[in-house]
Amino acid sequence: MAPMKLYGATMSWNVTKCAVALEEAGAEYEIVPIDFATGEHKSPEHLARNPFGQVPALQDGDLYVFESRAICKYACRKNKPELLKEGDLKEAAIVDVWLEVEAHQYSPALTPILFQVLVKPMLGGTCDEKVVEENLEKLKTVLAVYEARLSKCKYLAGDFISLADLNHVSMTLCLFATPHASVLDAYPHVKAWWAGLMERPSVQKVAALMKPSA
Ligand SMILES: N[C@@H](CCC(=O)N[C@@H](CS)C(=O)NCC(=O)O)C(=O)O
């Protein structure tokens with residue numbers, strides 16, 4: 001079967017979130033860049049893949065999936081369902097809990113920081129330090145919960161790696177491209193968890209893809 005196609009540029013953390021899951025699942029896939037500069041993401045071809053004109057989008061044969069977290073789940077269900085623990089009702093519930101925490105706590109605190117520091121200057125704007133400071137405070141509140149959790153188990157859903165951990169990777173890699181990565185220093189268990197994730201071949205491969213020269 002032809003490899004899956006992941007549409008979007010590797011400078012997007014939503015695209016690289018999917019790349020981590022696809023790598024970790026051992027899926028066959030290729031990345032097809034979409035050029036924002038020419039408005040390719042709003043072209044009829046791309047709107048057929050993602051009606052919101054955004055990246056990422058995934059194509060697997062005649063199936064199109066958009067929304068990065070849905071793509072990640074699809075990659076796991078297809079190639080490595082143990083990353084969702086779907087065979088175990090209780091473990092799967094806890095994986096779901098931490099998937100939701102990433103989507104509704106971690107990402108909303110970190111996204112404005114990454115937008116202000118990394119994206120806005122690329123668009124010709126200036127970083128709003130007040131927004132950064134406010135969201136760093138929100139992030140600290142979230143990280144305190146992670147610290148308590150990770151002092152009890154090695155990974156977020158238990159003593160096993162799951163998609164819940166992996167979905168944090170791309171945005172956290174971007175945090176390290178800002179001057180604010182030291183926010184993690186106050187949370188030793190979070191730092192140890194992150195160091196463990198960084199050792200994974202899937203994460204190293206995607207981290208290399210995210211470098212501007214890649
Ligand atoms: N909830 C979506 C968000 C996707 C998203 O915001 N993509 C950005 C790039 S990171 C994009 O395509 N922006 C262009 C636009 O909205 O026009 C997901 O997780 O896939």
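1. A word on burial before we start: a residue is called buried under 20% relative accessible area, exposed over 50%, and partly exposed in between, using a 1.4 Å probe and protein chains only. Glu67 has a relative accessible area of 46%, so it is partly exposed. Glu67 sits in the loop between S4 and H3, and its phi is near 75°, a positive value in a residue other than glycine.

2. Some ground rules for reading on. This is a predicted model, in which local features need pLDDT of at least 70 and side-chain atom pairs count only at pLDDT 80 or more, while totals for chains, interfaces and linings use all residues. Residues are numbered from 1 along each chain as its sequence is written, and side-chain values use heavy atoms, with hydrogens and water left out. Element names follow DSSP runs numbered from the N terminus: helices are H or I of at least four residues, and strands are E of at least two.

3. Four strands make an open sheet in the order S2-S1-S3-S4, with mixed pairing; two strands pair if DSSP finds at least two bridges between them. S2 and strand S4 (63–66) stand at the edges with a single partner strand each, so one side of each has no neighbour in the sheet. On average, neighbouring strands of this sheet are turned by 20° against each other, direction ignored. For angles, axes are lines fitted to C-alpha atoms, for helices over the stretch in contact, and values run from 0 to 180 degrees between N-to-C directions.

4. Now the pairings themselves. Strand S1 (residues 4–7) runs parallel to strand S2 (residues 29–32), and the two pair over four bridges. The chain gets from S1 to S2 through helix H1 (residues 13–25), in a right-handed β-α-β crossover. Right-handed here says that, with the strands pointing away from the viewer, the path from the first strand over the helix to the second runs clockwise. Within this pair, Lys5 is opposite Glu30 in S2.

5. Leu6 is opposite Leu58 in S3. H1 packs on the sheet, where it touches S1, S2 and S3, and its direction makes about 155° with that of S1. Contact is taken as heavy atoms within 4.5 Å. Helix H3 (residues 68–79) lies across S1, S3 and S4 and runs at about 130° to S4.

6. Cys72 belongs to helix H3. With 0% relative accessibility, Cys72 counts as buried. Leaving aside residues up to four places away in sequence, Cys72 touches Lys17, Cys18, Ala21, Leu163 and Asn167.

7. The stretch between H2 and S3 deserves a look. Gly53 lies in the loop between helix H2 (44–49) and S3, and Gly53 is buried, at a relative accessible area of 1%. Not counting residues up to four places away in sequence, Gly53 touches His41, Lys42, His46 and Leu47. Pro56 is also in the loop between H2 and S3, and a cis peptide bond, with omega about 5°, joins Val55 and Pro56.

8. Please check the backbone at these spots, with this background: most residues other than glycine have a negative phi, and most peptide bonds are trans. Lys85 is not a glycine, yet has a positive phi of about 55°. Lys85 is placed in the loop between H3 and H4 and counts as partly exposed at 22% relative accessibility.9. Last, the largest pocket. A pocket is found on a 1 Å grid over the protein atoms alone, as an open set of points where a 1.4 Å probe fits, with protein on both sides within 12 Å along at least five of seven lines; lining residues have an atom within 4 Å of a point. The largest pocket holds about 1,100 Å³ of space, a volume being the space filled by probe spheres set on the points, with grid points joined across faces, edges and corners. Its lining has 35 residues, and Met11, Ser12, Trp13, Asn14 and Val119 lie nearest the centre. H1, H3, H4, helix H7 (169–175) and helix H9 (201–210) are the elements giving two or more residues to this lining. H4 gives the largest share, five residues.
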